[in-house]
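Subject: Structure handover

Hello,

Here is the structure I promised to pass on. Please open it alongside this note. My findings follow below it.

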Amino acid sequence: MSEDAYVPPKVWTWNKGSGGRFANINRPIAGPTHDKELPVGKHPLQLHSLGTPNGVKVTIMLEELLALGHKGAEYDAWLINIGQGDQFGSGFVAINPNSKIPALLDRSEPEPVRVFESGSILMYLAEKFGEFLPTDRARRAECLSWVMWQMGSAPYIGGGFGHFYAYAPTKIEYAIDRFAMEAKRQLDVLDRRLAESEYLGGKDYTIADMAVWPWYGLLAKGGAYESGEFLQVQDYKHLQRWTEQIGAREAVKRGRIVNRAQGDKALLERHDAADIDKVLNG
């Protein structure tokens, strides 16, 4: 049956054999699939994550806070292997009922505080430590607008363009064209903003940059889905400048390797600054 001949049934049913790279972990129901308690380290902040763009946002933030001398930002970063279904363990679901990385447990409070969704974690840490989120109402609004822009826009890159361009079992021209158009529109949104502003939130580096860089910096340098040539990412000059500027920060270099499971600079777990030092200097 051709793609054009498909007619949706009156009632959708789950087809486990639908194919695609992540078919083995996708399901239409929530909740845990197995009992598994999460480990607990020595630091007040317990991060359970993976070095994907969403996970990298949080480890960059934590490393930036540590670079400023906030000892309370010390953290243990535990690997959640989503390919093996760790996100469906009972302990992880208790922190994030949505079964997505990253998830944070703050044990420094009188009662442990769970925080899930990467944007929410960035805001929580910014407010807890008083860093990287302006207090001036207008500047704060600009910063948070870009954080929310990323949260709403990135699914079109990952779940839309990336899925149909790189992961879907069948190449569908309509789907690829639709999401390539949206990906390029988003790159243009960023390029135009960065033509008028050094950072996304304005003159200062904020959680807006930390939220956007892991996704769109990767895309801008052709590291996402091997799509650089296809999307002609080099044409977005201001985005390229910003991408390189953020990537040169020491805390960004440190944060981006935490919970990374592949590559020569990979750190499965982080429990001390020396863990990162060993990988970067080894």
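**Two helices side by side**

Helix α1 (residues 53–67) packs with helix α3 (residues 118–129) at an angle of about 10°, and their axes lie 9 Å apart. Since angles under 35 degrees count as roughly parallel, α1 is therefore roughly parallel to α3. Please keep in mind that this is a predicted model.

Which residues meet there? From α1 come N54, K57, V58, M61, L62 and L65. From α3 come S118, I121, L122, L125, A126 and F129. By class, the contact of α1 with α3 has nine nonpolar residues, two polar and one charged.

**The cores**

M61 and L125 turn up again in the largest nonpolar core, which has 63 residues. Together with I207, Y216 and W242, they are the residues with the most contacts inside it. Which helix gives the most to this core? Helix α6 (residues 207–220) does, with ten residues.

W242 is worth a look on screen. Leaving aside neighbours within four places in sequence, W242 is in contact with L194, E198, Y199, L200, D209, V212 and W213.

**H48**

H48 is found in strand β1 (residues 45–49). Is H48 buried or exposed? Its relative accessibility is 2%, so H48 counts as buried; the cut-off for buried is under 20%.

What is H48 in contact with, neighbours within four places in sequence left aside? The list is L38, P39, W78, I80, F92, I95, I101, P102 and A103.

**The whole chain**

The protein chain has ten helices and four strands. Read along the sequence, they follow the pattern β-α-β-α-β-β-α-α-α-α-α-α-α-α. The radius of gyration is 20 Å, close to the 19 Å that the globule rule gives for 282 residues, so the chain is as compact as a globular protein of that length.

Along its principal axes, the C-alpha trace spans about 60 × 50 × 40 Å. Buried residues make up 46% of the 282 residues. Among contacts between residues at least 6 apart in sequence, 65% join residues at least 24 apart.

Best wishes

How values were computed
Residues are numbered from 1 along each chain as its sequence is written. This is a predicted model: local features need pLDDT of at least 70, side-chain atom pairs count only at pLDDT 80 or more; totals for chains, interfaces and linings use all residues. Side-chain values use heavy atoms; hydrogens and water are left out. Axes are lines fitted to C-alpha atoms, for helices over the stretch in contact, and angles run from 0 to 180 degrees between N-to-C directions. Angles under 35 degrees count as roughly parallel, over 145 as roughly antiparallel, 65 to 115 as roughly perpendicular and the rest as oblique. Contact means heavy atoms within 4.5 Å. Ala, Val, Leu, Ile, Met, Phe, Trp, Tyr, Cys and Pro count as nonpolar, Asp, Glu, Lys and Arg as charged, and the others, Gly among them, as polar. A nonpolar core is a set of buried Ala, Val, Leu, Ile, Met, Phe, Trp, Tyr and Cys residues joined through side-chain atoms within 4.5 Å. Buried means under 20% relative accessible area, exposed over 50%, partly exposed in between (1.4 Å probe, protein chains only). The radius of gyration is taken over C-alpha atoms; the globule rule is 2.2 Å times the number of residues to the power 0.38.
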